[in-house]
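Subject: Structure for you, with notes on its salt bridges

Dear colleague,

Here is the structure I wanted to pass on to you, with its sequence. Please open it alongside this message, since the notes below follow the charged side chains.

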Amino acid sequence: MQAGTVLRWIIIWGVLAVGVWGACQPLRPPAPSPAPTPATPLSVPTRPSGGTTPTRAPARTPSLTPPACVFQEVSDPENPTPADRALLPDPSRWRWEPASVGGQPLRRIRGLIQPPLPWRVSSGGAALEVRLLLNRNARAVQVAVDLRREAHRRLHPEEAWDVFLSPELIFQPHVRGAAWGGAAWELWLPRAAAQLRARQEAFPSDRIGSQQLRVTPDGRVRLEDPARGVSRDLGAPAPMGEALVMTGTIVLARERNRSMWWRGDAATGQWERLGEIPEDHPGDWVFRSWAWDRSEWMWLAIGGVNGLEPAHSPSWRIPAHPGAPLQAFPPLPISRIPGDGPESVCDLFPVGTSGRWLLWCRVAILRPEGKPVVQFGVTIDGATGRVEGPEDLGLKDPLVDLPKGGVMGPSFYLSPDGRWLAVEFAEVGPEGGWRGARSLYLLDGAQPGWVRRWPGRTWVAWDPAGGGVALWDVGKDQLEWLRLPPGPNGEPVPLAEAATAGPLAFLEGGLVTLSRTNPAALQLWDKAGRLLGKWDFSPEVERIYSLLGEGGRIWIGAFERTPPGEPCRFALLEWQPPRSSHAAP
């Protein structure tokens, strides 16, 4: 890199150091000032964003000010005091108790000192992962709640704490709930990414049918079926250090002591020398990902390890088709921008079958003759390696200059099935914060050129089963549901009585929201947007702050009723609505 170019990047880095790091998070509404309440230890400050809340119609959502109880924090989990030790959770002592709501049975674990946030159900359905917030510094622990017996346990008992969890999700859902973006950023984004990763990892890259692909100590590549006593040497042209299955009978292998890659066909025994892929540059972040049909492997490098800088190394595309050459792309002008906390998402995924790839991170697109574009996510043309701008995607909204340097681009949200891509543009205030929703686009990764736009909306959450997406109409303060693929009119359906601030969950045939008028009541909607039923949990809890749906069951995190000034107590509830009420239409 020439000296002048280096100097230019140093200047850009200095200008952006103040404003870019926070601005690159998906633009969401800033925290509105909570209603005045008596000072209590539950007053959790929100992160400043510098923006202003847009003028809009008066919200009908009731105040969700937390109960005036005292949150008993574990102040320092790594060096606990005797008082801290008395507060540390002991899941082995938890017990399920029977209860009911509206004549429907449920069960609960009561009297918890730490607020539980249901996170996910294990693949076999035997356990529920729950995250327990320890203190306002966002330290939390993971607990496996046994759904069949009472063998509840810490997942990582050797760790003082093992995950971050924003206190606002518990104590201020009206500020950082579904509509305000906290739950979208901290819950639904990582859940969608986890589903996408699981889908990619489900392909058996070490097997062809019942035969295991193995590299022997002397570098031979073999297919073995111990059950049948079958073992076959694939005749690799050189000693290999690693090998994997690309698709069908196609095998990709790297030489043991070199960065030389080969592609072989286990059916024919033919091998092709692809070329050398150098070792990763220490100044680059490198992502490797498969196309959904396993037809190619993308190897993407971006800068950002040592500051705001482009990639040092080229990116690579390795096709599975015999005869297709290894393809190198020039170093990408992209820098990763780590946040000031844990990265909820940082991955590379294909967008449907479009040949387009989404690098799902906070990034800056560096332009030598212009201001860097900062955004959450960026798409790359898989055939050319070119970084795409909004115009390449058929998006008409312009980029916005940031007052402290740089340009604000859109935020990207990929559906859990990898097909749908939501692209969100926001208005920026004079200080660089969120000022209002400008528009939301939806692209179909299975139909090139298919684009729809809705003004004034933001993305809230994907249905994990792929049935649709929840949106927020900011101007109307209205939660909406868009079924996928969209119907003939292609318009979202308003969920008129649903709270726009607070948790939501998905079931087999619908979704569950918090009531606008009762923070302890739930509503069930089908996937056509019809209200199917309401249930009031007020006899059991004071306020619901978290929901998780899986199959036909819902897990609920909630405040128990306690006198003002007394220590907070929390409950975890498991409930199954009547099956007739959530059958798919």
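In these notes a salt bridge is a side-chain nitrogen of Lys or Arg within 4 Å of a carboxyl oxygen of Asp or Glu. The model is predicted, so local features need pLDDT of at least 70 and side-chain atom pairs count only at pLDDT 80 or more, while totals for chains, interfaces and linings use all residues. Residues are numbered from 1 along each chain as its sequence is written, and side-chain values use heavy atoms, with hydrogens and water left out.

Searching the whole structure gives 33 salt bridges. One of them joins Arg317 to Glu296, with 2.7 Å between the closest N and O atoms. Because Arg317 belongs to strand β18 (residues 315-319) and Glu296 to strand β17 (residues 296-302), this pair ties together parts that are 21 residues apart in sequence; strands here are DSSP runs of E, at least two residues long, numbered from the N terminus. Glu296 is buried, at a relative accessible area of 9%, where buried means under 20%, exposed over 50% and partly exposed in between, with a 1.4 Å probe and protein chains only.

A salt bridge also links Arg108 and Glu97, whose closest N and O atoms are 3.5 Å apart. Arg108 sits in strand β2 (residues 104-112) and Glu97 in strand β1 (residues 97-101), so the pair ties together parts 11 residues apart in sequence. Arg108 is buried at 14%, whereas Glu97 is partly exposed at 31%.

Finally, Arg214, Asp218, Arg220, Arg222, Glu224 and Asp233 are connected in a network of salt bridges.

Best wishes

Notes
Helix = DSSP H or I, 4+ residues; strand = E, 2+ residues; numbered from the N terminus.
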